[in-house]
Amino acid sequence: MKEIRKFINGFKEFRKEYYCRDDSPFLELQDHQAPSTMVIACSDSRTDPSLILQCEPGEIFVVRNIANIVPPYEPDTKLHGVSSALEYAVKFLKVQNIIILGHSSCGGIKSLMADEISEEDEFISRWLSVLSSVREKVRAHYQSVSVEACTACEMASILHSLNNLLTFPWIAEQVENGTLEIHGWYFDLKDGHLLSYNDESRLFEPLTLPILPLCGSVVNQTE
Ligand SMILES: [Zn+2]
């Protein structure tokens, strides 16, 4: 398989140029990690948080899933992947920040809004149902499944997940006493901007001010 060969060659390149270099971060990270921040991002192939935020190994503890969802606190006997990662990050790694990183053109949110799940779906629609109250609110407001409605749902789902974070008692307690911050971020793939939810203005606002100019290729595409 051509792709698999490409990945193996990629690993060889990584080992030579990165892992083995004199100042490799792996020299100090062979038997422990101490990331300051947990990032919950979408599984989407375009939204790798380490790439977007230019992080070195050891800096961010990452969970990725369809539509970057945090489900509510449910201490039952079921299997909870996101909750166990949150527990490890907060209780054991003692991260100081949790960032929920949503993005534009999210396929998960689009299928949630449009009820596009196929009959063969075994897990996806149940997973996305965490956001059903968000979908109903957005649908009621926009009366359609437009790009604007999907953008609103992408952003509202980040806020829903921020609220779900606070249903975990050990997260709520640390947020309350100031030892943990939670952030809702939105990566706009179309123009390459990063926005953050501002609690006071109740808007997603650019994190990079002044606003960065459009890239040359993006300008050319819009001409
Ligand atoms: Zn997505």
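Leaving aside its neighbours within four places in sequence, which residues is H103 in contact with? In this predicted model, H103 is in contact with C42, D44, R46, T47, N68, E154, Y186, F187 and L189. H103 has its place in strand β3. With a relative accessible area of 2%, H103 is buried, since buried means under 20%.

Two of these names, C42 and D44, return in a record. UniProt, in an unreviewed entry, places the feature "binding site" at C42, D44, H103 and C106. These positions span 65 residues in sequence, yet no two of their C-alpha atoms are more than 9.1 Å apart, so they gather at one spot.

D44 can be looked at next. D44 lies in the loop between β1 and α2 and is buried, with a relative accessible area of 14%. Not counting residues up to four places away in sequence, D44 touches R64, H103 and S105. The side chain of D44 also makes a polar contact with the side chain of R46, at 2.7 Å.

Strand β3, which holds H103, is also one of the elements that the buried residues of helix α3 pack against. Helix α3 covers residues 81-92 and reaches 16 Å from its first C-alpha to its last, close to the 16 Å expected. Its buried residues are V82, S83, A85, L86, A89 and V90. Seen down the axis of α3, these residues fall within an arc of 160°, so they line one face of the helix. Besides β3, their packing partners include β1, β2 and α7. The face turned away from the buried side carries the exposed residues G81 and F92. After α3 comes K94, whose phi is positive, near 55°.

Technical notes: Residues numbered from 1 in each chain as written. Predicted model: local features only at pLDDT ≥ 70, side-chain atom pairs only at ≥ 80, totals over all residues. Heavy atoms only, no water. Helix = DSSP H or I, 4+ residues; strand = E, 2+ residues; numbered from the N terminus. Expected span 1.5 Å × (residues − 1). Buried < 20%, exposed > 50% of the residue type's maximum accessible area, 1.4 Å probe, protein only. Arc of directions from axis to C-beta. Contact = heavy atoms within 4.5 Å. UniProt positions renumbered as here; feature names shortened; annotations may be inferred. Polar contact = N/O pair within 3.5 Å; in protein donor to acceptor, adjacent residues only side chain to side chain.
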